[in-house]
Structure formats: C-alpha cells, structure tokens
Amino acid sequence: MADVTKFISGIENFQQQHFGQNSELATSLLAGQKPQALLIGCCDSRVDPALLTDCAPGDLFILRNIANLVPPYKKDNDYHGVSSSIEYAVCYLEVSDIIVLGHSQCGGIGALIQSVQGKEEGEFIGKWVNIAASARDKVMEEMPDAAPEKLARACEKEAILVSLKNLMSFPWVRERASKGQLSLHGWYYNISTGQLKYYNQLTGTFEVLVERYSPNLLNAQEIAPK
Ligand SMILES: [Zn+2]
C-alpha cells in the first residue's frame, strides 16, 4: 500500500491552521454553510480552487469535473451529478456568484481536440468532454493553421464560454441572473505563469485579472530605490 503519511500530516496542519487559533470559524461552520460562490473547476491536481483562491472552509462551494464543464439543462432519469450540485448551490445555498475556472494545459480539452480525429478517450471521458465540441469546432474553423498548443489554449478558453452558456439553460440560474441576484464569471488560469484572466462580456475577450507571477519582477521591486 502506498504511504499516505503526507496526507495525514496535512490534515493535522490544516486543523492547526484553520481551527487551532480560530474557534470562531469552527463554531460558525457547525451552524451551517453559507458560501458566497459556486466554483466549477477541473479535476486537475494542479488547479485546486481553494488553494488557488486562498479560501478558508465555508468560502466556496466547489464542483470539479474533467475540463470544468457544465452540460446543458436536461431533465430526465439519468444521474445528474453536475446539475444537482448547481441546483443545490443556486436554489438552496443561494450563492451570489458562479465562477467557471478553466486552465491551461487541460488534459480534458486535449482529449476533446484529439476526438476530432476519431480517437475518443476512455469509456466516459470522450463522451463527457464532447459537451464542448462546439468550442473545439469553432477554434478549429477560426484558426485552421494554428500550432497545436495555440489551438489548445484557445479551445480551453472557448470551452469556458460553452459552460457559461449552458449554465444559462438552467431556468433557475437564468431567472436569478436576469434579476441581478446571481453573477456568472468565466476565469482562465495559466499554470505556467500564474496569470488569471477573466471573460469580459462587454468586449468579448479574456482580459488580465491577476498579473503573471514573476520572481524577477519581485526582486527588481525589492532593490528598486524608493
Ligand atoms: Zn483540466
């Protein structure tokens, strides 16, 4: 059996950090949860939403799946894990924000791009990522000569827009959004630079929200004369 000591000591560190000096937090969490936002992120181990946003327990209601996708609203007898999570966050917890957090180097989006060559990944993955097939087709049509890396980055962003559009197909999301009770956000995190972009609905482009991480820049600021 693999050694899981690292995870056990992690729980101990977590207890110290969040509950050791902060009994108020433990008391309030016991009373129930009231997260501000539902964050829909990818399962990718490099983009843990709570770590990235430096959030405490209770801050975020998090839904993770391959390629941070939202399927369209469909009421039938299938098992709808994603839709039930969204329903709980919106209708029961009454979050005020939904953030779809995409990221660079996404394996799920890679599988989506591959599937155009008739190579469908796994038993479930290929079918799942097909939710964003329209995003793939759009970027392939708009950038037919783009290098694979560039195409993948564009498709990762475009897939976020598909999820935002599909969110609006849920009647109770649409209703709350139209009344201004719920805001939808599309974010894109670049693993290699740490930069965060957001989708600006007015300009129709992804714009910088948090600048890229640059150790050189930080050093330069430290030694710069005041
Ligand atoms: Zn991913």
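Into which domains is the protein chain divided?

1. Overall layout. This is a predicted model. The protein chain is divided into domain 1, covering 1–32, and domain 2, covering 35–223. The C-alpha centres of domain 1 and domain 2 are 28 Å apart. Along its principal axes, the C-alpha trace of the protein chain spans about 55 × 55 × 50 Å.

2. Secondary structure and contacts. The protein chain has 10 helices and 6 strands. It has 226 residues, of which 27% count as buried. Take the contacts between residues at least 6 apart in sequence: 62% of them join residues at least 24 apart.

3. The core. The largest nonpolar core has 47 residues. Leu 38, Ile 40, Ala 67, Ala 132 and Ala 159 have the most contacts inside this core. At least two core residues come from each of the strands E1 (37–42), E2 (60–65), E3 (97–103) and E4 (183–189), and from each of the helices H4 (81–92), H5 (107–114), H7 (133–142) and H8 (148–167). H8 supplies the largest share, 8 residues. As background, nonpolar side chains in soluble globular proteins tend to be buried together.

4. Ala 159. Which residues does Ala 159 touch, not counting those up to four places away in sequence? They are Ala 67, Leu 69, Gly 102, Ile 109, Ala 132 and Ala 135. Two of these, Ala 67 and Ala 132, are listed with Ala 159 among the core residues with the most contacts.

5. Ala 67. This residue lies in the loop between E2 and H4. Ala 67 counts as buried because it has 29 C-beta neighbours inside 10 Å, and the cut-off for a buried residue is 20 or more. The phi of Ala 67 is positive, about 70 degrees, although the residue is not a glycine.

6. Leu 93. The loop between H4 and E3 holds Leu 93. Is Leu 93 buried or partly exposed? Leu 93 is partly exposed, because 16 other C-beta atoms lie within 10 Å. Leaving aside neighbours within four places in sequence, Leu 93 is in contact with Gln 33, Lys 34, Pro 35, Phe 61 and Tyr 88. Lys 34 is 59 residues from Leu 93 along the chain, yet their C-alpha atoms are separated by 6.4 Å.

7. Glu 94. Glu 94 is also placed in the loop between H4 and E3. Glu 94 is exposed, because it has 12 other C-beta atoms within 10 Å, and a residue with 12 or fewer counts as exposed. The phi of Glu 94 is near 55 degrees, a positive value in a residue other than glycine.

Terms used: Residues numbered from 1 in each chain as written. Predicted model: local features only at pLDDT ≥ 70, side-chain atom pairs only at ≥ 80, totals over all residues. Domains from an automatic or database assignment. Core = buried A, V, L, I, M, F, W, Y, C linked by C-beta atoms within 7 Å. Helix = DSSP H or I, 4+ residues; strand = E, 2+ residues; numbered from the N terminus. Contact = placed C-beta atoms within 7 Å.
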